[in-house]
Amino acid sequence: YGDQMIKIADKKFIIHQKPTFLYGGELHYFRVPKNEWKDRLDKMKEAGLNMVSTYIPWQIHEKSEGDIDLTGKNWPENDLKTFIQLVKDSGMLCLVRPGPYVMSELTTDGIPLWLINNYPEASAMTQEGKPHHTRIFSYMHPTYLEKVNRWYNAVFEILAPYQIDKGGPIVMMQLDNEVGMFQWIVNQGDYSELTLSYFLSFLKDKYSSIQEANKVLHTS
């Protein structure tokens, strides 16, 4: 962002040239009736908060492949633009989390069910070469990245005009949430051929040879 909009200096957020401590709170628009959004924002502001944080779940906005609803045409609570505008009108700032993985106690963690069901070739794999227990994706798989790119293009068309440097309330953004958690809870990383090829390239770049990598990492 431009220096006059937001920067970090002396361990402080400087917003519009003013040191600002961000008091944030969660308001997930997709879980609250649209006609109650303003009321909730008013209450947050009255409580002394100056920033609103929300997930933007891909699975909520694209229930069928290719039908991305960010305007409320399929469901009133999908009207993301109106929600961000209300945050702006309130005078508060905004942190957005468009995923693709948002977790947030959602049934498929932010990922559309059609993507999980229709594109198994992009699945993360176990060490035994089977689809990962948690049905997560191999994050660098081209099919997965293609679908994420389309989602990002749609959601950022809404969000970009609301960045603080354009006069909007958005000061921060988080991509993914709790990424790597599924690998941790089942103690099983992604052993897909694609991921292993990236790891091998990393080792070759970092060490002079695989033999040297094995020596340093105490592996074989």
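A crossing is left-handed if the near helix is turned anticlockwise from the far one by less than a right angle, and right-handed if clockwise. α3 passes α5 in a right-handed crossing. This is a predicted model: local features need pLDDT of at least 70, side-chain atom pairs count only at pLDDT 80 or more, and totals for chains, interfaces and linings use all residues. Residues are numbered from 1 along each chain as its sequence is written, and side-chain values use heavy atoms, without hydrogens or water.

**View A. The crossing of helices α3 and α5.** Helix α3 covers residues 80-90 and helix α5 residues 142-159 (helices are DSSP runs of H or I, at least four residues, and strands runs of E, at least two, numbered from the N terminus). Their axes come within 9 Å and cross at roughly 35° (lines fitted to C-alpha atoms, for helices over the stretch in contact, with angles from 0 to 180 degrees between N-to-C directions). On the α3 side, Leu80, Lys81 and Ile84 make the contact; on the α5 side, Val155, Ile158 and Leu159 do (contact: heavy atoms within 4.5 Å).

**View B. Helix α5 and its buried residues.** Thr143, Tyr144, Lys147, Val148 and Trp151 are among the buried residues of α5 (buried is under 20% relative accessible area, exposed over 50%, partly exposed in between; 1.4 Å probe, protein chains only). Further along α5, Tyr152, Ala154, Val155, Ile158 and Leu159 are also buried.

View C. Strand β5 (residues 51-55) is joined to β6 by five bridges, and Met51 has Leu93 as its bridge partner in β6.

**View D. The antiparallel sheet.** Three strands form an open sheet in the order β1-β2-β3, and the pairing is antiparallel. At the edges stand β1 (6-9) and β3 (18-20), each with a single partner strand, so one side of each is left without a neighbour in the sheet. Neighbouring strands of this sheet are turned by 40° against each other on average, direction ignored. Strand β2 (residues 12-15) is joined to β3 by three bridges, and the bridge partner of Phe13 in β3 is Thr20. Gln17 is found in the loop between β2 and β3. It is not a glycine, but its phi is positive, about 65°. Gln17 is exposed, with a relative accessible area of 60%.

**View E. The loop between β6 and α4, with Pro100 and Glu105.** Most residues other than glycine have a negative phi, and most peptide bonds are trans. Here, Gly99 and Pro100 are joined by a cis peptide bond, with omega about 15°. Glu105, a residue other than glycine, has a positive phi near 55°. Glu105 counts as exposed at 74% relative accessibility.

Note on methods:
Pairing = 2+ DSSP bridges.
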